[in-house]
Amino acid sequence: MALQILTFAAVHLHHTPSEELPLAARVESCWQHWPDFGEPKAQALVIIDDVSDYSTLAPYLPKDSRFTLLFTTRQQRLAATVTDLPWRC
């Protein structure tokens, strides 16, 4: 996921953090440079598809409360800090 965020930021946000920074710091820099489109409290929805291991993903998630995260997963319980929204056919 970290590399996908870095690629997205480079292409769509025109932001490329220094490669001298640790990977987690580079990803955090991308979240910090996310545009607010002129709305100081603009919210952003980030959808992360097919999560299999939350613990490897957690260090790269945004810390800012303006981001709402939606994960898709095949697991029954992703993490204790993640609210499940069961889906049934």
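Student: In which crossing, left-handed or right-handed, does H1 pass H2?

Tutor: H1 passes H2 in a left-handed crossing, meaning the near helix is turned anticlockwise from the far one by less than a right angle (clockwise would be right-handed). Helices here are DSSP runs of H or I with at least four residues, strands are E runs of at least two, and both are numbered from the N terminus. Keep in mind that this is a predicted model, where local features need pLDDT of at least 70, side-chain atom pairs count only at pLDDT 80 or more, and totals for chains, interfaces and linings use all residues. Residues are numbered from 1 along each chain as its sequence is written, and side-chain values use heavy atoms, with hydrogens and water left out.

Student: Which H2 residues make the contact?

Tutor: Leu-23, Arg-26, Val-27, Cys-30 and Trp-31 do, against H1 residues including Ile-5 and Leu-6; contact means heavy atoms within 4.5 Å.

Student: OK, new topic. What does Phe-71 contact?

Tutor: Skipping neighbours within four places in sequence, Phe-71 is in contact with Ile-48, Val-51, Tyr-54, Leu-57, Leu-61, Leu-78 and Val-82.

Student: And where does His-14 lie?

Tutor: His-14 is in the loop between H1 and H2, and has a positive phi of about 55° although it is not a glycine.

Student: Is His-14 buried or exposed?

Tutor: Exposed, at 68% relative accessibility. Buried is under 20% relative accessible area, exposed over 50%, partly exposed in between (1.4 Å probe, protein chains only).

Student: What about Asp-50?

Tutor: Asp-50 is partly exposed at 44%. Its phi is positive too, about 60°, and Asp-50 sits in the loop between E1 and H3.
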